[in-house]
Structures are given as C-alpha cells and as structure tokens.
Amino acid sequence: MNSIDQFNFKHKKVLIRVDYNVPLNGNFEITDSTRIDATIPTIERVLKHGGSVILMSHLGRPKSGPENKFSLKHLCSYLSEKLKRDVQFADDCIGERAKKISSELKKGDVLLLENLRFYKEETAGNRRFAEQLALLGDVYINDAFGTAHRAHASTAIIADFFPENKMFGYIMENEIQNINKVFRNPDRPFTAILGGAKVSGKIEIINTLLDKVDNLIIGGGMMFTFIKALGGNIGSSLVEEKLFDLAMDTINYAKDKNVNLYLPLDAVIADEFSNEANRKIVSSYDIPDRWMGLDIGPDAIQKYNTVISQSHTILWNGPMGVFEMSNFENGTKSVARSVAKATKEGCFSLIGGGDSVAAINKYGLKNQVGYISTGGGAMLEFIEGKILPGIAAIERSF
Ligand code: AMP
C-alpha cells in the first residue's frame, strides 16, 4: 500500500473522496466548515508535489437526481478561498464534460465534481458508475472516514480500478492511528463514557467495550432503560422497554468482566420537555410520574468527575443530557471539562459521535482533548471490530 507521504504525485490527476457533507443555511452559505478544513492538508500535499486534484463527495440525501439545495457548487467559493486558487466545478460527476475538464487539468489545478448522490448508483455501490468515476484520475485517495463504513461506489468499489495507486489521506490515517491507539494497547484505567438518546444501536458497542474497558459510565436518555430494568421508577423519561433483557445482560456481563458500570445516582427532572419547565433534582431510581429525567444530577457529576480524573485512556460518545437546553447541559458540560482536565494531565482522550463533538465545540474545548473523530457511525463500527469497506478496499492487494 502506498503512503501519501511517499507517493510521487508529479503530473498525476488525483481523485480524492472527501466528506463535504456540511450544513448550509437558506442562502447556501456553509455554517460549519470543519469537514472541509480537515481535508486541506491532504489536498495541499498533492498540489505541492506536482499533482492536480479532483474532489468528489456527497452532500445531504437527494432523493432522485439533481436538486439545487444539495449542489456542491455552493462550496466552490469557500474552497477557492481556502486553497488560494480558483476551484473549477463540473456540474455532473461523470460523463463527457467531467472527462473533458479533468483531462485538461494542469499541475496545481483543482476540480470539484457535482454531488455523487445525484446518482443512485453511488449508494448502491454500482461497479459501472465507480468505473466511470475512476476514468477521471490516475490515483485514488480516500479521505472520507465518515462514510468508510459504507460500501458505496466512491468509497470502496472504485479502489478496484486503482490496484497500484490507491491510498488513505491524512484524515483516514489519523483516524485509524488514533482509534487503534485506544483499542490496541490502552493505558489503564480505560474509561468509556456513553450517552445520547437511545440504547438501541449501541448494545453491540457496549458489549465490545466491556471486553476492553475498566470503567463504563452511562448517561443521557439511554440511562433510563438500565434504571428501569433494575426496577427503578423513571416517570416519563425516555425508555426502550424491549431492551430490558439486553440491558440486564449488559449489567451482568459487566460484573463477570469486573468492569465498573456507573449509572447516575441522581437526575435533573422536568415536568415537560422544555428549557422553561419546572425542575427538580431527585434519585434517578425514584422519578415521580409525569416527570422526565433530562440530565444527570450533581452527585452523578461528582462521581463521574472522579472516575474520569483517575483514567489514563478515555473514549466519549454521546451527551449526558439534553445539552442543547441550557438548564440541562450541566452533566455534559462537566464531563467535557473533566475530560479536558484529564487530558491536560496526560490521559489520552478520543471523542466521537456528532453530539459529543458538538458539545466539545460548544464549550470551547476542541484543542484540549486528544483526538476528535470525524465519523460517529464509522468510529463505532471500527471499534466493534467490524471490517469497514472503505478501509478494506485500500488495504486489499491483488
Ligand atoms: P444520540 O443521537 O443517540 O447520540 O442522542 C443525542 C441526543 O440525545 C441529543 O440531542 C440529546 O439532547 C439527547 N438526550 C440526551 N439525554 C437525554 C434525555 N435524558 N432525554 C431525552 N433526550 C436526551
């Protein structure tokens, strides 16, 4: 496998799969450019070493065919500004026009292709479509970790057309390195912090984590499924009754594995799902009818802070409460600050999943944690030990 640092890009047309699925406002202005900014080092590496770049991405979820609001043309001016050169645009990601523009690219030129998902063949992983994309370049780089768990045409299938000239970009390399750092040989104690609305979709990861961690801290809406399964009264808090058995299995498995499983002792409860609701702090196991838990309470915060401060490796995925509302953000904010403090004292912290990343950004801590993963779903699947098609396609040799 080639490395982007060693490859000679001179006179090569380099097709880079990026994740430019960025939020746009009503005027089609980018409201959070993090994903674009993260790709600049990979692009600049190619340009600096004599290549030209063809960028391809998806944006949103177009239903059938082109839609203006999902057009990547809205990103051109920002990209031109970032790369300090004119970025050309092809209004179709395959076909004669795209072929013509790409064939005329000169050293240092950058071309952005229209949204890949204007073709349903992209998500279907269609081979013919992947081949048409492949015609545009001499080298393929995958730098889209957020979609690495999907076997789409541009993230996996296309790699077959570049048996010699395929590689990871810097984002992919960093993701793989940092996630491996946590899971191959973590410094102990190793603590995982899981939150967010639901348990469903996270059971598999919880069980995988129990094989690896010393402490598992649970918060967010998902805590109530565990608390109810243990016989607590949770009022009208979020709950997934179908998962009681699985929740109990998890609790027992943690005991078998000698993992400390922490559920919050207390909760901040509200009489409606609103920032203006009446609030109380009660035991998480004794929530009155018609009240709902929307954050972890002060005792839980104190306990969690202690566990976090004693950890040497931390993985955090999911907020502790409804942190979007200021009256229910304390748990998430405290955990974010504790993780930053532990990191300062030498702990390695890995943050993943859209909402915990949003929380870290909201509290201005993004430069105070170990590594922020760009792909929530992809990160969890990677941790579970699943083979990610986007990674396998690059690593596979013929
Ligand atoms: P997820 O997508 O599963 O990571 O869930 C993230 C969402 O969970 C955030 O929007 C939070 O507002 C929400 N959340 C966290 N705690 C609670 C709670 N106790 N009740 C309802 N929603 C919650």
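Residues carry numbers from 1 along each chain as its sequence is written. The model is predicted, with local features needing pLDDT of at least 70, side-chain atom pairs counting only at pLDDT 80 or more, and totals for chains, interfaces and linings using all residues, while side-chain values rest on heavy atoms, with hydrogens and water left out.

Student: What distance separates the centres of domain 1 and domain 2?

Tutor: The domain assignment, whose bounds come from an automatic or database source, gives domain 1 as 13-174 + 390-395 and domain 2 as 188-346. Taken over C-alpha atoms, the separation of the two centres is 38 Å.

Student: Which helix supplies the largest share of the lining of the largest cavity?

Tutor: On a 1 Å grid over the protein atoms alone, a cavity is a set of points where a 1.4 Å probe fits but cannot get out, a pocket is an open set with protein on both sides within 12 Å along at least five of seven lines, and lining residues have an atom within 4 Å of a point. Grid points are joined across faces, edges and corners, and a volume is the space filled by probe spheres set on the points; the structure holds one cavity of 30 Å³ or more, and the largest cavity has a volume of about 70 Å³. Its lining includes Asp-19, Arg-35, Asp-143 and Thr-374. With helices (H or I, at least four residues) and strands (E, at least two) taken as DSSP runs numbered from the N terminus, the largest share, three residues, comes from helix α1.

Student: Which element gives the most to the lining of the second largest pocket?

Tutor: The second largest pocket has a volume of about 550 Å³, and its lining of 34 residues has Gly-195, Gly-196, Ala-197, Lys-198 and Lys-202 nearest the centre. The elements that contribute two or more residues to this lining are β14, α12 and α13. The element that gives the most, with four residues, is α13.

Student: Why does the pair of Tyr-140 and Phe-162 count as stacked?

Tutor: Rings of Phe, Tyr and Trp (its six-membered ring) pair if their centres lie within 6.5 Å, and planes under 30 degrees apart count as stacked, over 60 as edge-to-face and the rest as tilted; the structure holds four such aromatic pairs. Tyr-140 lies in strand β5 and Phe-162 in the loop between β5 and β6, so the pair ties together parts that are 22 residues apart in sequence. The ring centres of Tyr-140 and Phe-162 are 6.0 Å apart, and the pair is stacked because the angle between the planes is 25 degrees.

Student: Is Phe-190 buried or exposed?

Tutor: Phe-190 forms an edge-to-face pair with Phe-183, at 5.7 Å centre to centre and 70 degrees between the planes. Buried means under 20% relative accessible area, exposed over 50% and partly exposed in between (1.4 Å probe, protein chains only), and Phe-183, at 14%, is buried. Phe-190 has a relative accessibility of 0%, so Phe-190 is buried.

Student: Where is Pro-189, which a cis peptide bond joins to Arg-188?

Tutor: The cis peptide bond between Arg-188 and Pro-189 has an omega of about 0 degrees. Pro-189 is placed in the loop between α6 and β7.

Student: What is the relative accessibility of Arg-290?

Tutor: Arg-290 is not a glycine, although its phi is positive, at about 65 degrees. Its place is in the loop between β13 and β14. Arg-290 counts as exposed because its relative accessibility is 69%.
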